[in-house]
Amino acid sequence: MKNYSKITADYLHIGHGELMKNKVLIHDKGTIIDIVDQSSVDDSDVHHFSGIICPGFINTHCHMELSHMIGRIDTGTGLLPFLQAVVGYRDIEQSVIDQAIVDGDAEMKKNGIVAVGDISNKSDTALVKKNSSIRYYTFVEMFDFLQSQMTEATIEQYGPVHASHSNDAGNKKSYVPHAPYTVSPELFSYIKENNPSGSTVSIHNQETAHENNLFLEKKGGFLDFYKGFGFTLDHFQASGRTAIHYAMQHMDASQKTLFVHNTMTTREDIAEAQAWSDHIFWATCPSANLYIENRLPDYQAFIDKKARMTIGTDSLSSNWCLSILEEMKTIQKYKSFIPLSTILTWATSNGAAALGYNDLGTFVPGTKPGINLINLVGNEPSLEKSTLTVIA
Ligand SMILES: [Zn+2]
């Protein structure tokens, strides 16, 4: 697209706050210069778009290395059958996997995503991330199925994965636990001790009722799930508290913690997490939640508690595309009480803060956060049928 340096649209969203009208964004090839009132500039210099101008999107939860799984797994099965299906997919040619990763990166770029929190169990994505204009925060994800005799081997396995991923040119990396139900206290302490301060540490959290049931009463589907994999839970004792409490007990409250999914997270859980740490972020992946479990988080509870929500696409094993705009449409479709300005804040500045990218997510002079145009259909600021144009 032609580089117009003074642009305006029906609405401007700067990454936080309300949708604004009659504002002009001045930039130089994407570097933000200023935001001024439309009345203060010569209108013949200004290019008018219809829709919403906003900063580049931040995708806080993805698994790029699973991109080749698109369309392979049934929807609506629930998390445990879903996980079994993912694990069951083997023997896919490396060239197919590699091409899907290249395509996933290109798709996100086209969809106005400028930074990604990407879960990696392998090194497959390392080269693409190193050479991409998207910034990647690689979360090297570890799990030992609560089996402390496997912790050592897990650590040995993931050291080289961590080493293979880049942390220059805006990329970052950290070790992260997979989920409360797959990480032993021993592995949690390794992760805690091996991330430098200022890291972001993500964890899948409370994605299915079975997860809370395991920690509350040592009941539910995880007992059979583990039996199916040949693992014992004989040593495991229910704590009588929900799954997130086990995570908090073993994670570092001084790091940024990104809880992902949270479909079963209650108001009490949110309040207790916020009492535990001032550095908490939440990632919602609505399309994946509908794909797998057919339910969404209690967004009103998060809004009431002033929780810092961010948005993720999850992987193409549980989604149809890698687009934050599509995730926002899903939220607006099913939870239309949430103001669009709030959803845009989740998609931009909150995500940037969660990943520690202070120069992304908002229009601040001197920064280059990406400039997106959401092309609206009709007069209302509704995302339905809208499309995306990347301006810079
Ligand atoms: Zn995930």
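## Basis of the description

Residues are numbered from 1 along each chain as its sequence is written. Because the model is predicted, local features need pLDDT of at least 70 and side-chain atom pairs count only at pLDDT 80 or more, while totals for chains, interfaces and linings use all residues.

## Two domains

The chain is assigned two domains: domain 1 covers 6-54 + 369-390, and domain 2 covers 57-354. These bounds come from an automatic or database domain assignment. The C-alpha centres of domain 1 and domain 2 are 32 Å apart.

Where the domains meet, 18 residues of domain 1 are in contact with 14 residues of domain 2; two residues are in contact if their C-beta atoms, placed from the backbone, lie within 7 Å. On the side of domain 1 that touches domain 2, strand E15 (371-375) and strand E16 (387-390) each supply at least two residues. Helices (H or I, at least four residues) and strands (E, at least two) are DSSP runs, numbered from the N terminus. That side of domain 1 has eight nonpolar, eight polar and two charged residues. In this classification Ala, Val, Leu, Ile, Met, Phe, Trp, Tyr, Cys and Pro count as nonpolar, Asp, Glu, Lys and Arg as charged, and the others, Gly among them, as polar.

## The largest nonpolar core

The largest nonpolar core has 100 residues, and those with the most contacts inside it are Ile53, Ile58, Ala115, Met142, Met328 and Ala347. Helix H13 (residues 340-354) gives the most to this core, namely eight residues. Domain 1 (6-54 + 369-390) and domain 2 (57-354) both give residues to the core, so it lies between them. A nonpolar core is a set of buried Ala, Val, Leu, Ile, Met, Phe, Trp, Tyr and Cys residues joined through C-beta atoms within 7 Å. A residue is buried if 20 or more other C-beta atoms lie within 10 Å of its own, exposed if 12 or fewer, and partly exposed in between, with C-beta atoms placed from the backbone. In soluble globular proteins, nonpolar side chains tend to be buried together.

Leaving aside neighbours within four places in sequence, isoleucine 58 is in contact with residues including Val114, Ala115, Thr310, Ala347 and Leu360.

## Helix H4

Helix H4 (residues 151-164) has 14 residues and reaches 20 Å from its first C-alpha to its last, close to the 20 Å expected at 1.5 Å a residue. The expected span is 1.5 Å times one less than the number of residues. At tyrosine 158, shortly before proline 160, H4 has a kink of about 25°; the bend at a residue is the angle between axes fitted to the seven residues ending there and the seven starting there.

The buried residues of H4 are Thr151, Tyr158 and Val161. Among the elements that cover them are strand E8 (113-120), strand E9 (135-142) and helix H5 (185-193).

## Residues in loops

Leucine 66 is found in the loop between strand E7 (57-62) and helix H1 (79-88). Leucine 66 is buried, because 27 other C-beta atoms lie within 10 Å. Apart from residues up to four places away in sequence, leucine 66 touches Ser315, Leu316 and Ser317. Asparagine 111 lies in the loop between helix H2 (94-110) and E8, and is partly exposed, with 19 other C-beta atoms within 10 Å.

Most residues other than glycine have a negative phi. Lysine 29, in the loop between strand E3 (23-28) and strand E4 (31-37), has a positive phi near 50°. Lysine 29 is exposed, with 8 other C-beta atoms within 10 Å. Lysine 218, in the loop between helix H6 (209-217) and helix H7 (222-228), also has a positive phi near 50°. Lysine 218 is partly exposed, with 15 other C-beta atoms within 10 Å.

## A residue in helix H11

Alanine 301 is placed in helix H11 (residues 299-304) and is partly exposed, with 17 other C-beta atoms within 10 Å. The C-alpha atoms of alanine 301 and arginine 267 are separated by 5.6 Å, although 34 residues apart along the chain.
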